[in-house]
Amino acid sequence: MRRWGLGPVFAWEWLRASRRWQLYALRVLFVAALGAGLTVVWLVKAGHGALGIRGLAETGEAFFYALVGTQLALVLLAAPAHTAAAVCLDRSRGTLFHVLATDLSDAEIVLGKLAARLIPVIGLVICGMPVLFGAILLGGIDPEAAVGAILVTLGVAVLGATLALTLSVWARQTYEVLLLTYLLVALLALAGPMWAEWQVWFGLPAPPDWLEATNPFFLAFMPYLRPGTNCLGGQAAFLGICLGLSAALAVLSVLRLRAVALREAGRPARRGHRQVLVRLRLPGPSLDANPVLWREWHRRLPSRWARVAWLTYGALALLFSVLAACSAVTGAGRSQLPPWVNALQVPLGLLLLSVTSVTSLAEERVRGTIDLLLTTPLSTRAIVFGKWWGAYRSAVPLAVLPGLVTAAVAGPARWPGALLVVGLVLAYGAAATSLGLALSTWVAQPGRALILGVVLFCW
Amino acid sequence: VTVGPFLPILLARWGPGGEETLASASPFFGMGELTDLLGRGGGAIGHREWEILAWDVIYLMGYLGAAVSLLLLTLATFDRCLGRTIAGDDKDGPAPPPPRPALAARAP
């Protein structure tokens, strides 16, 4: 019998999602957070006396930046987190093979999962719309700018969700999908500034105009950054391109889902070359002191995808840190480069770290290996501290480059300030690791723990 | 790339002054501001700069305190959340002895 619409997968997943109270609680929290942000802006702007028409218009502009910036950043983080586990988690549990054995088509499986996970994200965008359009009444917000910002946000939501789902077809674990998706999104958003910097240092030609438009924040704020230009047309084109790319990615997922699932089913979980890597690693904690930490240190090697993500991040951070240090020492290039390099590389590294720390325990809960660990005579303290140190070791390298950049910038008189930078990065990393471990303990569903971890840390 | 920066940036841009110390709590704004402050020249550190540095130290302690608190909370709830029971870990003390059979008590 021929079925119309998105099919039973969508109906089942959407029914389950719509009956969870967390969906509605998240929307309420989101609108409450927007309201809190607007209150802070209002207190800052109007806390010192009555506002005139010009003051109200400036407040409206500040509202626009606060609302659109917060909503766009949240969608950038939440949309991939919603779909990252869509396929790979079902495959690791074995339920995907049961679904593939039914008469459901690949399109029904992929599009059903995508639509069921995309609707809550679009719901979040729609929740913020009344707040944004209500702020237009203050003045200072161009209605066209508000519409354009919504278009950009919707494009980002659809593309982010579809990209994560497509990667989920090939990836084995959820955190691999998120690491790569966040890295790709960051590269896309920072492509323009990176090219402009390379132009200064390596004599490249000027970046093309369209490269600026790959940054959704620039595109959403364009009516205020470039007044007088036809912004709405560009924003509508951005939405069209995002929808086109998403459609192409969805078609690719549909075409490859069955083949990749069958191929992965016959592949061994571990490969021989990892044993070589184990021998090449630096000495770590002893097995007798804490077996859990020893296992985290020696046996939980990052997968190929995770290595690609961390190496790409490391290479770019190293390159720009060297450029920033050179500009500080020689006086060449832009003077604002070192602060921007540190301001971007630290949060991005912490974002990758928070994803890794949440999944260090959540993935084991899904696979059932944590039950094996819990039946051993190891104390709870040894397990928790072993897991914590195993995740936190990734935070230590994050502090090296910011510290060196700051030492180069500060010079001989102020170099002790670099120690404060290193300490701050280590403290941020400790907080991210503890938050990830706590959430993966308290929240049984790995997808929810991931979303909560990323969103809470970034707030 | 994070949600957090927007409010600090707005506070620093439109606020009446002094909001940099509040905005430093954000890793995005705090890192950029601290690097910028330390690179402003080799002269003596002024009163305002000392204030920002002091706030950075306070935030460092705050983040460390949050990390330790969360870790201790995790430690306290780990067994209950994951359904682990440890033999001999009964907080109510040893189990009471089984009641004597009623017939044995009545026997002469």
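How many aromatic pairs does the structure hold over all chains?

Analyst: Happy to. The model is predicted, so local features need pLDDT of at least 70 and side-chain atom pairs pLDDT 80 or more, while totals for chains, interfaces and linings use all residues. Residues are numbered from 1 along each chain as written, chains are lettered from A and ligands numbered from 1 in the order written, and side-chain values use heavy atoms, without hydrogens or water.

Over all chains there are 12 aromatic pairs (Phe, Tyr or Trp rings, six-membered for Trp, with centres within 6.5 Å; stacked under 30 degrees between planes, edge-to-face over 60, tilted for the rest). For Trp388(A) and Trp389(A), the ring centres are 5.1 Å apart and the planes stand at 90°, so this pair is edge-to-face. Burial separates the two residues: Trp388(A) is buried, at a relative accessible area of 9%, whereas Trp389(A) is partly exposed, at 44% (buried is under 20%, exposed over 50%, partly exposed in between, with a 1.4 Å probe and protein chains only). Trp388(A) also pairs with Tyr392(A): their centres lie 4.7 Å apart with planes at 20°, so these rings are stacked. Both Trp388(A) and Tyr392(A) belong to helix α17 of chain A, residues 380–392, where 4 residues, about one turn of the helix, separate them. Elsewhere in chain A, one aromatic cluster brings together Phe64(A), Tyr65(A), Phe221(A) and Tyr224(A).

Now for the helices (DSSP runs of H or I with at least four residues, or for strands E with at least two, numbered from the N terminus). Helix α19 of chain A, residues 400–414, packs on helix α20 of chain A, residues 417–442, at about 155°, with the axes 7 Å apart (lines fitted to C-alpha atoms over the stretch in contact, angles from 0 to 180 degrees between N-to-C directions). That angle makes α19(A) roughly antiparallel to α20(A) (over 145 degrees; under 35 is roughly parallel, 65 to 115 roughly perpendicular, the rest oblique). The crossing of α19(A) and α20(A) is right-handed (near helix turned clockwise from the far one by less than a right angle; anticlockwise is left-handed). On the α19(A) side the contact (heavy atoms within 4.5 Å) involves Pro402(A), Gly403(A), Thr406(A), Ala407(A) and Arg414(A), and α20(A) contributes Gly417(A), Ala418(A), Val421(A), Val422(A) and Val425(A).

Helix α19(A) also packs with helix α15 of chain A, residues 337–367, at about 165° and with 10 Å between the axes. This again means a roughly antiparallel arrangement, here of α15(A) and α19(A). Their crossing, though, is left-handed. Pro338(A), Asn342(A), Gln345(A) and Val346(A) of α15(A) meet Leu401(A), Pro402(A), Val405(A), Thr406(A) and Val409(A) of α19(A).

For the loops, Gly203(A) sits between α8 (174–202) and α9 (209–212) of chain A and is exposed, at a relative accessible area of 61%. Its C-alpha atom is 40 Å from that of Gly140(A), 63 residues away along the chain.

Finally, chain B has 5 helices and 0 strands, and 40% of its 108 residues count as buried.
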